[in-house]
Each structure stands twice: as structure tokens, then as C-alpha cells.
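Keep the structure in view as you read.

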Amino acid sequence: MPSIEDRIQAIEDRDEIRELTARYCHAVRDGAGEAVVDLFTEDGALEMNDRKFEGHGELRQAYGASMRQPTPRAFIQNHVIDLDGDRATGQCSVEIRAVEKGRAFTAAGHYDDTYRRDNGSWRFARRLLHIYHWVPLADGWGDDAEGTGPPNPLE
Amino acid sequence: MPSIEDRIQAIEDRDEIRELTARYCHAVRDGAGEAVVDLFTEDGALEMNDRKFEGHGELRQAYGASMRQPTPRAFIQNHVIDLDGDRATGQCSVEIRAVEKGRAFTAAGHYDDTYRRDNGSWRFARRLLHIYHWVPLADGWGDDAEGTGPPNPLE
Amino acid sequence: MPSIEDRIQAIEDRDEIRELTARYCHAVRDGAGEAVVDLFTEDGALEMNDRKFEGHGELRQAYGASMRQPTPRAFIQNHVIDLDGDRATGQCSVEIRAVEKGRAFTAAGHYDDTYRRDNGSWRFARRLLHIYHWVPLADGWGDDAEGTGPPNPLE
């Protein structure tokens, strides 16, 4: 039976991890690349489609280049978290409103996350983004849309 | 004045109930019918429009047949929970991205939920889904869209 | 080091503030103007675009007149909260589905909130709504959409 102290700590950890994913969305929206990178551990990684950005250096490339104006607006929901001491895993859904070449894009997917307590703060150790669709709003996410993905931040 | 123990228990209960509604979305997305059914109590019920699926047997029909590919993607927000011992009620909003006959559909509504602690885990005793609209994305939710509803899972 | 009691209180405060923003959405949806106003302190204010509604009297104008049928459906996500005793600040994202003159509108933005514990309940002291776009769904939020805003509730 966990102690009162342990139970409170676990609740606080879960709250902090939920806010981590929220702060990520706000920082991306603000185009604050360095703030986004700082939400990851030094060896943290972002994976989406078949691309991987690992460590602060590569993450800086991803979040620097991809943050064209207007920045994508991401909305996180359905967060499930499993704590294991100073590590945790979680899954959360995401909806995204983006603009590419002046056109409205809509996207949805989910993150498989690994979190780590790092110098007293929870950070992303790894985010694996599964995109269901990333499509022009005018086209929608019907059958033709499957397999589409977000723009390559390095292009 | 509730005890420390009672207050912690209440916070944990609320967290678990929030995750219950999140796990529901993830299981529906995965087409994991049996996992969805297991989130309901044995006598649990789902009601939407004028249809009712009550008990694991009927729920299996609903979640088996309705989970055509691609499965609906649901996003839960605005969760309010009222605890009452081993029972609780709650209301949460939902947005849904679906595909019917190859076309993108968008939906929104809210659940009036009743939860029950069942063998140590919170489960759905009843979900009453109020759909505001369930429409082709290309048509939108303007005046013409009122009264539409989700497809009958038994058809 | 905060006490056990203080830590539990902080967690409860955060939960209550999250539910405050959820109850706001449900009350707006129900067109329950007086219930919405009661979620603000007596001197509470709502600001959006360059308009400001301050105090229950002006808020009644805003929430009375703007709640044409169908009412806007708002969905809150990405909530970050900073507690400071009986005051708190927070930021949360919002997506909105509205209908104007029979047409489907979609909107997104975020609230910069100030909360205050008022007679034992958390209420809004100030909501500053930043709208990214408020556009016909058929048009989307592409480059042409920037600078659009919600309808004036007093017109």
C-alpha cells in the first residue's frame, strides 16, 4: 500500500506531465523553438512518419525550421499516463490546425510518449507521433487522405 | 471535514475516471471491441439517439459492428465529475472524426455519464450520448445539419 | 517544503479550476446566461478583440445577447495553471463550433485567464480571449482568414 506521501507525489507527477504536453502546444504556437527543445531531455527524441530527431541539436533543427508562420496550433486530449518512478509513459490524442502555402490544413493523430524526471522536472524523453491524416481542410480525411503526413521540417 | 485519506482518494478517483473516458477513445480507435465493452459494468448501457445497448451482450453488438475501418476518432474535453462514494456522474464534450463510404464526417456532442467502482476499477454504468451534429465535413454543421446522427451500428 | 495539507489543497484547486473552464463551456452551450455570469467574480471581466465586458452587469449583456440559437460549442484543452494562494493564472486553448446566419463557423484561440477564490469557489476574475481565426468552415483558416473575429454580441 503506497504511503500518503507517495500517493500525493503520483498525483502531482501526473498533473505536471499533463501540463508538459500543454506547454508544448503553447510553445509551438508561439514559435518558441528553444522553449520547445527545453521540454525534451538532452537525449530526447521526436519521431514522426519515418523521420527521427534525436538530442537537442537535431530537435533544434526540427523546431527551428518547421515553425513557419503561422505556426501549427495543436490541441491535446485523451491523456493516459502510467508512472514508474522517475519515468512514465503516456498516450494522448492531438488535433492540429495548420496553414501550408496559405491553405488551411487539418490533422489528427496521437502521441506515444515517454517522460523522464530530469533535474526535478518532467520532460519528454521520446515522442512518437502517429498521424492519422494531415490534409487540406477543403479535401477532408476521407479515403483518399490516408497516408498523408506533416511537411518535412528540413525541406 | 473529509480526512486527508478521503481527499486523496477523491482526487485519484477523478483522475481514474478521466482516464476511463480517454481509454474508451483509444480502444474505439484501435477497433478493440472487447476492450471497449470491458470499460462498462456488466449491466452497463450506451444510449444515443433513440437506441439503447444494455449489458455486455448488446454492447458487443454495438462495438463489434460499428467499428468499421477506419474507426471513429473521438476527442474528449470539458470533463466535469461529481463523486458520490462508489458512484459518480459526469459530463464531457466530444468531437469525432469519422469516415463513411469514403467521405470525411465531423461530429460533436456530449456524454452524460454514470460511473461505478466495480471490483476496484471505475467503469461506465451508463453513457448517454447527445449528438449535436454528425455531418459530412464538406457540408458542415449549419442549419441544415440539425437532427443528423451517427450511423446505426446494427445496419 | 509545503505541507501535506497544502499539497492536497493545491491539487484540489487545480482540479476545480479545470472544471470551472469546463462548466463555462457547458453553460454557454445551454444558453444559461445567468449561470455563465455567476462563474465570474462580481468585478470579473471578459475581453476579446478590442471589446471589454466588466462586472456582472456588462457580462449579462454579453452572454444574454450573444447566446443566439444554436449557441456556440466550445472545447477546452491544453490547460496550464499557476496557483498563488487565492489567486491563479492560467492559459487554455479553445476550439469553437458556431453557426451564423445558418452557416457553419469554426474558430480557435486561447484564453489568458485570471482566477480568484471567491466565497470558497474559484471564479473567473478575467478572461482574455485571443482568437486565431473565426471563419466559415467552408472557407477555412488559410491566409485570408487572419484577423477575423467573433460576432459582436451587442449587435
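**Core, chain and interfaces**

Start in the middle. The largest nonpolar core has 117 residues, and F105(A), F105(B) and F105(C) touch the most other members. A nonpolar core here is a set of buried Ala, Val, Leu, Ile, Met, Phe, Trp, Tyr and Cys residues joined through C-beta atoms within 7 Å. Buried means that 20 or more other C-beta atoms lie within 10 Å of the residue's own; 12 or fewer make it exposed, anything in between partly exposed, and C-beta atoms are placed from the backbone. A second, separate core holds 6 residues, among them I8(A), I11(A), I11(B) and I8(C).

The model is predicted: local features need pLDDT of at least 70, side-chain atom pairs count only at pLDDT 80 or more, and totals for chains, interfaces and linings use all residues. Residues are numbered from 1 along each chain as its sequence is written, while chains are lettered from A and ligands numbered from 1 in the order in which they are written.

What does F105(C) contact, beyond its neighbours within four places in sequence? The partners are A98(C), V99(C), E100(C), W134(C), V135(C), P136(C) and L137(C). Contact means C-beta atoms, placed from the backbone, within 7 Å.

Now take chain A by itself. It has 3 helices and 6 strands, in the order α-α-β-β-α-β-β-β-β. These are DSSP runs numbered from the N terminus: helices are H or I of at least four residues, strands E of at least two. The 26 residues of α1(A) should span 38 Å at 1.5 Å a residue, and the end C-alpha atoms are 38 Å apart, so the two agree. The expected span is 1.5 Å times one less than the number of residues. After α1(A) comes G31(A), with a positive phi near 65°. Of the 155 residues of chain A, 44% count as buried.

Finally, the contact between chains A and B. Chain A gives 18 residues and chain B gives 21. On the chain A side, α1 (4–29), β3 (73–84) and β4 (87–100) each give two or more residues. The most come from α1(A), with 5.

Note on methods. Contact = placed C-beta atoms within 7 Å.
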